[in-house]
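Here's a quick briefing for anyone opening this structure for the first time. Have a look at the model, then work through the notes below.

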Amino acid sequence: MRVTRIATLATVAALSLTVAACGGGDSDGDGGDTGADSKEFAAGSTMERLNQAQKIIIGTKFDQPGFGLKGLDGKPAGFDVEIGKALATELGIPEDKIEYIETPSAVREEVIEQGKADIVIATYTINDKRKERIDFAGPYYVAGQHIMVRADDTSITGPDSFKAGDKKVCSVQGSTPAETIKTYLANEGQQLVVFDVYQKCADALASGQVDAVTTDNVILLGFVARNEGKFKLAGEKFTDEPYGIGLKKGDTAFRTFINDALEKFYGDGTYEKAWKDTAGKFDENTPTGPAINRY
Amino acid sequence: MSVLVEHFDVFVGGFWLTFQLCVLAAIGALILGTIVAVMRISPVPPLRWIGTAYVTVFRNCPLTIVFFFAAFGLPALGSNADFLRIPGLSSIFSRLGIDLPYFRFAIIALSVYTAAFVCEAIRSGINAVPPGQAEAARAIGLTFSQNLRLVVLPQAWKSAIVPLGSVIIAMIKNSALAGFFGLTGDLSNSAQNLTSAGGEPIIPVFIGIGIGYLIMTVPFGLFLDRVERRRAVAAR
């Protein structure tokens, strides 16, 4: 699914200014309240270092509506960003001391390894290959392949709706979602269209050449948001992609700290509020925080 | 190079679909191109203007633009190119009859674009027919269409064979663009799938795809050489 994401960055980059405003000013008061000095961390830990420096660098995406999108005001906004803000608060760092750097999919491991970012929260799927280079806290969200249909369509309820062979679906060339959906199709030649970017799929869906578009729900949410009232997501996601928070390999204390913080966010409503202020604007199914994997 | 063996079926499937596309688009381009050529030399000025405008527009537009308007402009106008779902033809070329219109859109884009070049190739052939032929035909009382049908076009075709061949070969190569405008499973689209999602090495895959196109174009070129040689002998 990496390929998908790289291939669609350009498309997604153009996406809505409508969501740019999301999540911006909602948690203003939370930041400095606890005060930097009231936090106590183990000596020599990453937490103490960050708290002392009163600064944290967070890598995120600048082109992922709903999760991390940098709008015209120059501040990234989205669910990933909200999680980052909450973590900074836990570290006793005020919101305005967070520095965001852009981490497109291809460079995320490098950014962590070279210490350019303290943590990376960037629709970052946890997998074993990446675990060889960095460590993951979380997951804090489980994304997955989903189906987008026209808003008035009730005939498609999930990938199984394609098994009858009369529904047509669009995805992007050479992407994992395109391969995955093939297993649900009765006749590939009759049912599958692939373009080079998702925008073309959305056009084909709008004009009725296809009945559905499929890829990661995160990308689809962007299209739903931009084309208000035109599209919707159908059914449930049918693959799992656990999103984690990337940090330097071997920093177990920091990882445990983030994991504990995430569990706290699940419980105290921070998580739910973060979702509702951002991605929840186009997907009202507020996720329950997935179980933390303390590997 | 093992990818060529392991995914042989993918290459064959891609080749077959591209081949079908090329045959149908070539037929369309030859018919449409001949019509436009006739319009360009017709005695009726408005027809001449239409013919000239057609050639000017499509010869000078990038094929990508033409493809774009076929794949996204036609649906916007409410057409799925269903007129191409010709019953008999659809049973041979199975992609033609199915609900997904992108195979038909690709045929339209390629035909319409190539027709402009076909028209000019035929016009060059017509220009190569000695004027005395047409004058003699007029002198014995043939109408314009009889003149064209019986005297000029048969001779024009002959001298247009070689330029027409180049035009069709260019069209076969241009057909690779169809894979980027919604046609699933043709040669270029198969290459994309194998390298991106399939994780296959790029170079052997593209060698395989290249071979696929060569299988279509090289024999066609050799055939044209033969035709030309025979024509030269006949003319002597």
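Pro139(A) sits in strand β7 of chain A (strands are DSSP runs of E with at least two residues, helices are runs of H or I with at least four, and both are numbered from the N terminus). This is a predicted model, so local features need pLDDT of at least 70 and side-chain atom pairs count only at pLDDT 80 or more, while totals for chains, interfaces and linings use all residues. Residues are numbered from 1 along each chain as its sequence is written, chains are lettered from A and ligands numbered from 1 in the order in which they are written, and side-chain values use heavy atoms, leaving out hydrogens and water.

**Backbone**
- Most residues other than glycine have a negative phi, and most peptide bonds are trans.
- The peptide bond from Gly138(A) to Pro139(A) is cis, with omega near 5°.
- Gln54(A) has a positive phi, near 55°, and isn't a glycine.
- You'll find Gln54(A) in the loop between α3 (46-53) and β1 (56-60) of chain A.

**Helix packing**
- In chain B, the axes of α7 (residues 102-128) and α9 (residues 144-174) come within 7 Å and cross at roughly 150° (axes are lines fitted to C-alpha atoms, for helices over the stretch in contact, and angles run from 0 to 180 degrees between N-to-C directions).
- α7(B) and α9(B) are therefore roughly antiparallel to each other (the label for angles over 145 degrees).
- Their contact (heavy atoms within 4.5 Å) involves residues including Phe117(B) of α7(B) and Trp157(B) of α9(B).
- That contact of α7(B) with α9(B) divides into 17 nonpolar, 5 polar and no charged residues (Ala, Val, Leu, Ile, Met, Phe, Trp, Tyr, Cys and Pro count as nonpolar, Asp, Glu, Lys and Arg as charged, and the others, Gly among them, as polar).
- In chain A, α4 (residues 79-90) packs with α12 (residues 270-277) at about 145°, with axes 8 Å apart.
- Here Phe79(A), Glu82(A), Ile83(A) and Ala86(A) of α4(A) meet Thr270(A), Tyr271(A), Ala274(A) and Trp275(A) of α12(A).

**Salt bridges**
- The structure holds 24 salt bridges over all chains (a side-chain nitrogen of Lys or Arg within 4 Å of a carboxyl oxygen of Asp or Glu).
- Arg255(A) and Asp135(A) form a salt bridge at 3.8 Å, N to O.
- That pair ties helix α11 (residues 252-268) to strand β7 (residues 134-143), with the two residues 120 apart in chain A.

**Between the chains**
- The contact between the chains takes 22 residues from chain A and 20 residues from chain B.
- Across the interface of chain A and chain B there are 0 salt bridges.

Terms used
Parallel < 35°, antiparallel > 145°, perpendicular 65-115°, else oblique.
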